[in-house]
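Here is a short briefing on one protein. Look over the sequence and the fold, then read the points below.

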Amino acid sequence: MNGMKKHLLRATALVGLLTAVLAWAVYRYFDRFVPLQASDEGAQIDRLLRLEFVLIAFFFALVVGFTLYAVFAFRSRPDEPGEGAPIHGWTPLELGWTIIPLLIVVWLGWKGYQDYIRIRPFSFAPREGLLVQVEAFQFGWSFRYPQYQVTSSTLVLPVDTKVRFEIRSRDVIHSFWVPEFRVKEDAVPGRVTYTFITPKRTGEFTVRCAELCGAGHAFMRAPVQVVTQEEFQTWVQQQMAQNLSPEEKGYRLVKQFCLSCHSLDGTRKVGPTFQGIFGRETALQDGSTVVVDEAYIRESVRNPQAKIVAGFPPAMPPFPEDRLSDEDLDAIIAFLKAFTEGTFQIPEE
Ligand code: CUA
């Protein structure tokens with residue numbers, strides 16, 4: 001029995017050492033393996049994730065430590081014939097390795113739940129902080145700031161402000177995700193989902209769609225700018241004061257709704273490029289050709305499946321009037337015309 005005790009002590013020491021080294025590595029290198037942490041909610045999630053990694057390190061060390069020790073200490077030697085005495089179950093050990101992990105899992109579940117309701121409280125002061133209405137569609141994002149009557153294709157957020165997001169979808173299920181904020185929330189058609197984010201550092205990030213939603217899923221991104229509170233106020237004032245020419249307005253609409261799938265510089269994306277589009281002769285899937293004029297653009301926006309350009313998938317969803325007014329469509333045509341003729345310069349941003 002003394003020999004057994006000696007082995008147990010040594011193996012336990014090995015497990016302790018392995019755990020300590022791995023736990024140290026988790027704390028030391030955690031930041032290298034996750035995206036930059038840019039929100040208060042992200043800090044909570046990272047804390048929980050780190051704790052889970054440390055527990056995983058312990059259980060890994062427990063299995064690997066005992067195994068390694070056994071492989072070396074109890075290796076077969078030339079003077080030993082066959083197998084040792086058989087061992088049957090030991091009830092206290094089996095109870096122990098059932099009940100302790102169960103308690104740990106329940107405890108982690110409770111901790112996770114507490115973080116969850118802290119991030120997404122069931123009740124909250126309705127007008128606390130900033131409200132942003134997110135609309136997801138195939139394939140892009142639109143952000144509305146109802147307090148200011150401003151709509152933007154870039155998500156601009158003031159730092160250190162709790163932002164409530166109301167998330168809707170126009171068509172299919174998408175998922176609103178900025179990895180640096182950690183929080184992720186589905187956009188479900190016919191429902192309003194919500195989440196909260198409190199950005200804690202300024203910088204530029206990207207909204208990514210995290211739910212496979214069609215041919216343009218990989219391009220369904222939108223820029224995020226976290227700015228100081230003063231810069232945010234200036235931006236809002238600018239947006240509110242804007243009085244745009246039809247071409248400028250058209251450009252903004254194109255940027256908001258079209259550029260996930262169409263390029264302005266000739267690059268091939270899900271759909272044909274807009275470079276030199278106006279007046280262009282285009283081959284269609286059915287073998288005929290068409291000249292891109294006002295009527296064709298109008299039809300392609302309202303009823304994209306009517307005439308599919310040869311070599312491209314029929315991926316575009318229709319944009320009905322409640323989505324894009326006739327006035328908006330006129331602005332888009334004005335922009336495409338001016339852009340093709342070279343009389344409109346894309347503003348630098
Ligand atoms: Cu929207 Cu993927």
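What share of the 349 residues in the protein is buried? Buried residues make up 39% of them. Keep in mind that this model is predicted.

**Overall build**
- The protein has 7 helices and 12 strands.
- Its radius of gyration is 29 Å, whereas a compact globule of 349 residues would be near 20 Å.
- Along the principal axes, the C-alpha atoms fill a box of roughly 90 × 55 × 35 Å.
- Take the contacts with a separation of 6 or more: 65% of them join residues 24 or more positions apart.
- The accessible surface comes to about 20,300 Å². Carbon and sulfur atoms hold 59% of that surface.

**Helix α5 and its cover**
- Helix α5 covers residues 246–257, which is 12 residues.
- At 1.5 Å a residue, α5 should span 16 Å.
- The buried residues of α5 are G250, Y251, L253, V254, Q256 and F257.
- An α-helix has 3.6 residues a turn, so residues three or four places apart point the same way.

**A nonpolar patch at F53**
- L49, F53 and I56 make a nonpolar surface patch of about 260 Å².
- F53 sits in helix α2, which runs over residues 40–73.
- Is F53 buried or partly exposed? F53 counts as partly exposed because its relative accessibility is 38%, and that class lies between the 20% limit for buried and the 50% limit for exposed.

**T202 in its loop**
- T202 lies in the loop between β8 (193–197) and β9 (203–209).
- The relative accessibility of T202 is 44%, so T202 counts as partly exposed.
- Which residues does T202 contact, leaving aside its neighbours within four places in sequence? The partners are V159, V226, V227 and T228.
- From T202 to P86 the distance is 64 Å, C-alpha to C-alpha. In sequence, T202 and P86 are 116 residues apart.

Notes
Residues numbered from 1 in each chain as written. Predicted model: local features only at pLDDT ≥ 70, side-chain atom pairs only at ≥ 80, totals over all residues. Heavy atoms only, no water. Patch = residues over 30% accessible without salt bridge, like charges linked within 9 Å, V, L, I, M, F, W, Y side chains within 5 Å. Areas by Shrake-Rupley, 256 points an atom, 1.4 Å probe, with all protein chains shown as cover. Salt bridge = Lys/Arg side-chain N within 4 Å of Asp/Glu carboxyl O. Helix = DSSP H or I, 4+ residues; strand = E, 2+ residues; numbered from the N terminus. Buried < 20%, exposed > 50% of the residue type's maximum accessible area, 1.4 Å probe, protein only. Rg over C-alpha atoms; globule rule 2.2 N^0.38 Å. Contact = heavy atoms within 4.5 Å. Expected span 1.5 Å × (residues − 1).
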